[in-house]
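Subject: The structure for you to look at

Hello,

Here is the structure I promised to pass on. Please open it beside this email and look up each residue as you read.

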Amino acid sequence: MIVVIYLLNKIYSYLTSFHHVVNIPRMEEMLREGSVLCIGNPLLDISATVSDDFLEKWSLKPNDAILATEKHVALYKEFEANYSVEYTAGGASQNTARVAQWILKKPNICAYFGCVGRDDYSKILKEKAVADGVNVQYQYHETEPTGEPSVSNQSIISILNNASYYLQGFFLTVSVESILEVAQVAHKRNKLFLMNLSAPFLVQLYKSQMMQVLPYVDILFGNEYEALTFSKEHNFNTEDISEIALKLMALPKQNSEKGRIVVITQGKESVILAQDGKVKEFAVESLPSEKVIDTNGAGDAFVGGFIAQLVKGVDLSQCIKCGIWAASRVIERSGCTFDVTQSYDNGD
């Protein structure tokens with residue numbers, strides 16, 4: 001994956017702010033193009049039903065995930081040549097933008113930034129993301145292919161004026177300096193800065209980087225495994241998710257006038273919301289096991305649903321309920337995909 005925090009000047013005019021959750025303007029004022037800005041690592045997901053022989057040839061297992069190496073380069077060509085493949089715009093933040101856009105039902109509310117190679121895969125990637133209604137603005141790398149690791153540190157501070165931002169925690173692995181630029185501008189301009197813990201290994205191996213960024217985080221997302229790992233790494237001395245959420249909420253914050261909100265998902269168990277020193281729980285929709293197809297995109301979908309309501313200015317309980325609905329719909333399908341004919345009804 002080409003990892004970059006890069007904002008293009010040409011879409012500066014589209015960027016508008018998330019609204020503070022207290023002062024809510026009219027709906028038509030909220031749902032302007034560029035109201036949501038997600039920054040992340042764009043990936044092209046390629047999926048198909050393959051034979052056992054194919055799995056055996058490439059030492060793959062059903063329902064498994066691996067880190068691709070150089071020996072897998074030829075796999076993609078064979079995969080696409082011999083099977084009916086389906087392409088989906090992927091990457092955690094891009095998934096979140098796609099889900100939010102699906103729920104909002106109005107093109108270009110969500111803007112997305114990331115870096116790709118100038119190749120056929122990036123063309124497909126943009127086509128798929130744009131089809132989902134996302135205002136995609138990639139940076140193109142001239143030598144690295146789409147999906148390869150690379151870092152580009154470019155100054156973005158001059159154009160971070162009006163937006164609030166959602167970033168995935170995976171950026172901690174490559175450029176904490178870039179994250180801090182975004183976070184500091186958001187802080188100076190009193191814009192919301194949202195972040196996801198993203199993975200237990202980030203909490204463990206990138207502890208120092210995470211703690212540099214966390215004081216700027218207004219809304220923090222994570223799941224129970226990430227929360228438990230954080231508790232262990234920071235000596236919270238508890239495995240109670242509600243207590244962990246409260247401790248995360250109470251960690252030092254740059255903008256003390258705007259308290260941190262912590263949202264922890266727990267799979268099929270209740271979602272935990274920590275705010276203003278209190279905890280609320282929200283029941284998760286119960287699905288029969290035969291309807292659960294793929295849970296990998298659940299976290300991204302939850303945040304997408306949450307943001308889709310946050311940008312409309314509704315209260316946090318409605319944000320969480322929409323997040324639960326979105327995650328429930330996505331896990332009924334393979335990959336982070338959704339039925340475009342479905343609509344979320346929150347009583348508006």
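First, two notes on how to read everything. This is a predicted model, in which local features need pLDDT of at least 70 and side-chain atom pairs count only at pLDDT 80 or more, while totals for chains, interfaces and linings use all residues. Residues are numbered from 1 along each chain as its sequence is written, and side-chain values use heavy atoms, with hydrogens and water left out.

**Helix α10 and its cap**

Helices (H or I, at least four residues) and strands (E, at least two) are DSSP runs, numbered from the N terminus. In α10, the residues Ile241, Ser242, Ile244, Ala245, Leu248 and Met249 are buried. Buried means under 20% relative accessible area, exposed means over 50%, and partly exposed is in between, with a 1.4 Å probe and protein chains only. Seen down the axis of α10, these buried residues fall within an arc of 160 degrees, so they line one face of the helix; the arc is that of the directions from the helix axis to the C-beta atoms. They pack against β10 (219-223), α9 (224-233), β11, β12 (269-275) and β13 (278-282), where contact means heavy atoms within 4.5 Å.

What caps the N-terminal end of α10? Aspartate 240 does, with a side-chain oxygen 3.0 Å from the backbone nitrogen of serine 242. The side chain of aspartate 240 also has a polar atom 2.9 Å from the backbone nitrogen of glutamate 243. A polar contact is a pair of N or O atoms within 3.5 Å; within protein, one must be able to donate a hydrogen and the other to accept it, and residues adjacent in sequence count only if both atoms are side-chain atoms. Aspartate 240 lies in the loop between α9 and α10 and is partly exposed, at 37% relative accessibility.

Glutamine 168 belongs to strand β8 (residues 165-168). Is it buried or exposed? Glutamine 168 counts as buried, because its relative accessibility is 2%. A polar atom of its side chain lies 2.9 Å from the backbone nitrogen of serine 93. Beyond its neighbours within four places in sequence, glutamine 168 is in contact with residues including Ile39, Ala92 and Asn196.

Asparagine 255 sits in the loop between α10 (241-250) and β11 (261-266). Asparagine 255 is buried too, with a relative accessible area of 15%. Its side chain reaches the backbone nitrogen of glutamate 257 at 3.2 Å, and, not counting residues up to four places away in sequence, asparagine 255 touches His187 and Asn190.

**Aromatic rings**

How many aromatic pairs does the structure hold? There are 13. Rings of Phe, Tyr and Trp (its six-membered ring) pair if their centres lie within 6.5 Å; planes under 30 degrees apart count as stacked, over 60 as edge-to-face and the rest as tilted. Phenylalanine 230 and phenylalanine 236 form a tilted pair, 5.7 Å centre to centre with 45 degrees between the planes, and both are buried. The charged end of lysine 247 sits over the ring of phenylalanine 236, 5.9 Å from its centre; this requires NZ of Lys or CZ of Arg within 6 Å of the ring centre and within 35 degrees of the ring normal. Finally, Trp102, Trp325, Phe338 and Tyr344 form one aromatic cluster.

Enjoy exploring!
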